[in-house]
Amino acid sequence: MDDIKIFEGFIPENACESIIQEGLSHPQIEAGTGQENESSRGRSTKVAFIDNVFLKSYIHELVFANYNHNIIEAEDLQFATYKEGDFYGYHKDADKHNKRVLSVSVLLSSPFDYEGGDLIFHKVPSLDFSDFSPPNFQGSVIVFPSNIYHQVTAITKGTRHSLVQWFKG
């Protein structure tokens, strides 16, 4: 699959737990959409931005080693908490204003900590325009073009933590 790359278990479980604790130590806000973080019926989750230099460089190295894009900027790391009923409907990360070319999603929680919360890519070109959901392995890093529609389904039980980052080009 050329457009979506999955690095299963790339971040060790104990590191995931530390990142979760770091994310929870920051004030979390209701997540919206767009540059102004506008409230939306298409999204229900809380987020915080964290500045972990080591983690940023770890993700940057992975992206630069596996993609041949002219990256001009990496956005801040966004830590997200999805509780029961939270979701993020189908959307794409790229728009005419933000110049995002690659998106990164890091699955921080153990799949035993929650139910639902599946990341689903919609009509993936390299899969004959079928939908695709990568396995929910803790520590997996998923890198994909920012113009692919995707969603996080509603959490039906427990809490799901993830980390996202976007690269501009």
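Before looking at partners, I noted that two strands pair if DSSP finds at least two bridges between them. Strands here are DSSP runs of E, at least two residues long, numbered from the N terminus.

I am working with a predicted model, where local features need pLDDT of at least 70, side-chain atom pairs count only at pLDDT 80 or more, and totals for chains, interfaces and linings use all residues. Residues are numbered from 1 along each chain as its sequence is written, and side-chain values use heavy atoms, with hydrogens and water left out.

**Strand β8**

I looked up its neighbours. β15 (residues 160-168) runs antiparallel to β8, joined by seven bridges; in β15, F167 is the bridge partner of L102. β12 (residues 141-145) is also antiparallel to β8, with five bridges, and there S105 has I142 as its partner.

Next I checked burial (buried: under 20% relative accessible area, 1.4 Å probe, protein chains only). Seven of the eight residues of β8 (residues 100-107) are buried, so the strand is largely enclosed by the rest of the structure.

**The cavity**

I searched for cavities (sets of points on a 1 Å grid over the protein atoms alone where a 1.4 Å probe fits but cannot get out; lining residues have an atom within 4 Å of a point). Of its 18 lining residues, Y82, Y88, H91, H150 and V164 are the closest to the centre.

β8 turned up again: β6, β7, β8, β13 and β15 each supply at least two lining residues. β15 gives the largest share, four residues.

How values were computed: Buried means under 20% relative accessible area, exposed over 50%, partly exposed in between (1.4 Å probe, protein chains only). On a 1 Å grid over the protein atoms alone, a cavity is a set of points where a 1.4 Å probe fits but cannot get out, and a pocket is an open set with protein on both sides within 12 Å along at least five of seven lines; lining residues have an atom within 4 Å of a point.
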